Amino acid sequence: MGERKKVVACKQLEAKHQKRWNEAKVFEANAPKPGTAEWNQEKHFTCFPYPYMNGRLHLGHTFTITKCEFDSGYQRMKGRNAFFPFGFHCTGMPIAAASDKIKRSAKYQWQIMQALGFKDDEIAKFSDYDTWLNYFPPMAMEDLKKMGLKTDWRRSFITTDRNPYYDSFVRWQFKHLKAKKKIAFGKRPSIFSPKTDQPCMDHDRASGEGVGPQEYTLIKMKLVELTDNSKVPQFAGKDVFFVAATLRPETMYGQTNCWISPDITYVAVEARDGSIFVCTERSARNMSFQDLLKLDKEVKPVCMIPGRDLMGAKLKAPLSHYDHVYALPMLTIKEGKGTGVVTSVPSDAPDDFAALTDLKNKEPLRQKYGITDEMVLPYEPVPIIDVPGYGSLSAVEACKKHKVKSQNDTAKLMEAKEEVYLKGFYEGVLNVGKYAGTQIQKCKDAIKADMVAAKEAIKYLEPEKQIISRAGDECVVAICDQWYLDYGEPEWRKKIEECLEGMELYSPDVRNNFNKTVDWLREHACSRTYGLGTRLPWDEYWLIESLSDSTIYMAYYTVAHISPRRELQSSPFGVKPEDMTPEVWDYIFLHGQKPTTNIKPDTLEKMKNEFNYWYPVDVRVSGKDLVQNHLTYYLYNHVAMWENDKSKWPQSVRANGHLLLNGEKMSKSTGNFLTLTDAIEKYSADGMRLALADAGDSVEDANFVDKTADGAVLRLYNWIDFVTDVANKKPQIALKDGPVDERLIDRVFEHEMRRAVKLTDAAYSKLMFKDAMKEGFYILQGVLNKYREICGSEGMNAKLVDRFIEVQTLLICPICPHIAEEVWEITGKKGFAVSTPFPEILEYDPVLIESSEFLAETVRDVRLKLKDRLQPKKGKAPAEIPTNCTVYVAKEYPAWQRVCLSVLREGLEKNGEFFDNKTIAARMKTEQDVKKYMKKVMPYIQMVKERYEAIGKRALDLTSPFDEMKVLNESMSYMTCALELGIDIKYSSEGDNVIQENTYPGHPTYNFYKVPSVHFECVNAQQGSGKFSIFMDVKEGDYVADLRSLIAKQDKKEKSKVRIYRYESFNASRRIPNMKEIMKGKVQVEDGEQFKINVDEKKVFIGNQEVYDRLVYFTD
């Protein structure tokens, strides 16, 4: 069957089981009644940030969703009442912006919609906001159902005032926040979209999510004169300032010049006080939104000035040691950051020192831009800050240290800058001016405040990096009237820090990111005027922005099934939107007074009970990029709304990295992109789910790989095939009845299953799904293959195989539920796999498993040694092919290894850790038993240390934890068949000195040799079998049982199905076979009979009866 057919088959069975789940309402979660036994059942509430509904869900969404879904499935199987609701976010600018672009027939938005599969007449309908809300949420729901999402769809909903129930909930929340003084109004800096004329929060951005405002000090460098004043007549009679944005106002004492780019065209704009600012147009645009320019929200230049015309301008620089400085050329200035005017402090800025030195040393460069010697040569770095280790000219010393030759040594300059900036700020002491003798970190803000007060500087802000809104314009920082959530307020912050201390965050990196966010996060604008959403209840001019209406909606999930998903739908419980008054919400969520309401009493109590049963959220899963905004807001709002009830505070947050596709960032423009529905179509739901689990679990970026997904489909399909063959008792699956602990390999198989259950359970409990599949599927499938191989033609224990199928099915069930259900059905199990308890955790015997690994390693080692022996050596005749191998095992370690182990144990007992290698090597030189083996000592020590990391103190035992002789003897049949050699096992004490020196516990040695044999044929005489002859070498003393095993292995049959016959006479062996009397003249031989041989005459006997030329075999 082709790969595509296997995907189709998987999708068909997925649809079948999704229908069964839906009909049985398997994933509908209901809170039990208080006071019942069920009320005390442990619950598990997990959720995912509801996705935004301006397109189809893609594989990146799905990756994070699966973390929730896998966890919910696992918790259900652990006996908890699992609750995983799912909603759809429509608040904010994206839908409105896209809709408005369609109204304007914007080409790019039209192409986006065409790429989603829409025709032109369909696209036009999306100019209406409601079309988006009617189309994408239901489509997302259908896509998620196709992947078998284990969610309670009754509780899904959309946001915005199109859902009057949710709208009421958000208004209630904000009334409380305002009453608690968590919301205030005033002018605050915000990232702002000029096109939409409102703040642009993270979810409203096409790029630049997480980027905030950067505050600069704008140094006003007053123009004295240009080299040619006639070029800019507009400056005549005006106060003109070259305004330079700096993060280091404390260094202005050391200004020697300012830098201008000759390639930038600057603008002169009129400031609020009537003076003129010279800067880039981009920075002027930012200033126009910060009350700094005469005109608000627009840039109307007095004139445009090429940077070349500003070269050599004479300036008065505030605080500078020099009476005046000049504007000099710097080619590396970028328009995208700052004002395009850069102050130069070569004493403390390596870049400035390198650039000034270049200009001094390169006369042609000065001449090119009309710079005279007097503008450059007299100006030397001014010592202003004493920095330990660098003196008072830190940049000069750092450039010498890093051997900076010019401003083109960018890497060296970066290293120098990082050193002096940090050290200068934390350890530097100012040695000039009003604050001489003060540490920089203590006087920096005071110097800035003094300059602003003296009107020598002003505060200026711009985005840290470029931000593009979903409306398509570049954002600025605006000082605007707005309602804002007062995040960072000291008492509120203490609460969130307390909340974080008690939370499980699964990763120290995530905890660090939360702590850093809490450190810097301050006032957050929660209002805007454009887009979709809920109106502020006390000021309906404003809409609540999308990050602010989505902080406690997890509480709404608990009652969402009682209200409809959106407008125009009626509540299944008869609840009307107007019934959801603030008093009702208070009663449900805050233990408020019982309200007077039209809601039926039992419905009201049900809503309250649902909340109290399900809350708090046990696990919230999200991408790591939301820690700096949504996830921290989520915590702030929970501790505000339930400040006196810590039992409702979030319990844990699991953050994951982004998803790469085949090692590269997902991108529609490059074609490296998959929607959820495309992935299901390509790999099936469970194939996709298994590949997503395998993609990774850490905060680092994960990787979804095509080959892994294709391989997942093949593995899952083969697993169903195996189960079907077992259920149908197909002959290729060799099974046997009998006790489950009769053979060593049976006991090992049982304990390897136990280990898999325990390790998989531990991985699931930590939300480490890649590890869960590694232990619970990939490794466990290898265990089955090994068991099947070792059992060979004797057959696997039927009871153990049945147990394995059940264990394997349940271990993969949280991740591959459809395959699990199919196996459940094939094996005749009742109910649903997804509702079946997780396998019981039983203790396993690691020593027993280690004995099995020893057997496998021994067989592998014999093969490698034999291959090496038979490899032709240069100039030597080919080695004789052996027929037998003696395996030597040791009862104890040789003397020199016992010494090594004793020394390692000694270090561990004395220090809690091993001696270092230097100490061990010195110690070994004094040990008489070791001197002869010094070359082997340190490699052996390293091997033991690695083994210690894997298995602990048992690695230091002086004897093997199991009887190696017994293990190999019990597995003799397997070894003989697998290696096709005669095997005998001996203790190393029976070997020569070389054997004794090189054999130790866990490390057998081998001796290959050849014994006489006779080559003969065993013919399959079965009509229509398709089998012919098997040729083999028979040795003296071989048993018929060994021959049966070999035939069973070759024909892939159970050993019990193979029968062997000899001819009763020479004449019988020469008779032409008669298919009607095929058994005539043949005598069956039994397992216990032995072969005898006559090498010279090439004759074979069974007992004393000669085998005439060949044997005959049949299979049942």
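A search of the whole structure finds 76 salt bridges, and this is a predicted model. Side chains of opposite charge can pair when their charged atoms come close. Let's visit a few of these pairs, then turn to the cysteines.

**Salt bridges between separate parts of the chain**

- Glu42 and Arg80 form a salt bridge, with their closest N and O atoms 3.2 Å apart. Glu42 sits in the loop between α1 and β1, while Arg80 sits in the loop between α2 and β2, 38 residues apart.
- Asp130 and Arg162 meet in a salt bridge at 2.9 Å, N to O. Asp130 belongs to helix α6 and Arg162 to the loop between α6 and α7, so this pair ties together parts that are 32 residues apart in sequence.
- Arg923 and Glu906 also meet in a salt bridge, at 2.8 Å from N to O. This pair links helix α29, which holds Arg923, with helix α28, which holds Glu906, and the two residues are 17 apart. Arg923 is partly exposed, with a relative accessible area of 29%.

**Cysteines**

- How many disulfides does the structure hold? The count is zero.
- For Cys68, the nearest cysteine sulfur is that of Cys47, 6.3 Å away. Cys68 is buried, with a relative accessible area of 0%.
- For Cys813, the nearest cysteine sulfur is that of Cys816, 9.1 Å away. Cys813 counts as buried too, at 1% relative accessibility.

How values were computed. Residues numbered from 1 in each chain as written. Predicted model: local features only at pLDDT ≥ 70, side-chain atom pairs only at ≥ 80, totals over all residues. Heavy atoms only, no water. Disulfide = S-S within 2.5 Å. Buried < 20%, exposed > 50% of the residue type's maximum accessible area, 1.4 Å probe, protein only. Salt bridge = Lys/Arg side-chain N within 4 Å of Asp/Glu carboxyl O. Helix = DSSP H or I, 4+ residues; strand = E, 2+ residues; numbered from the N terminus.
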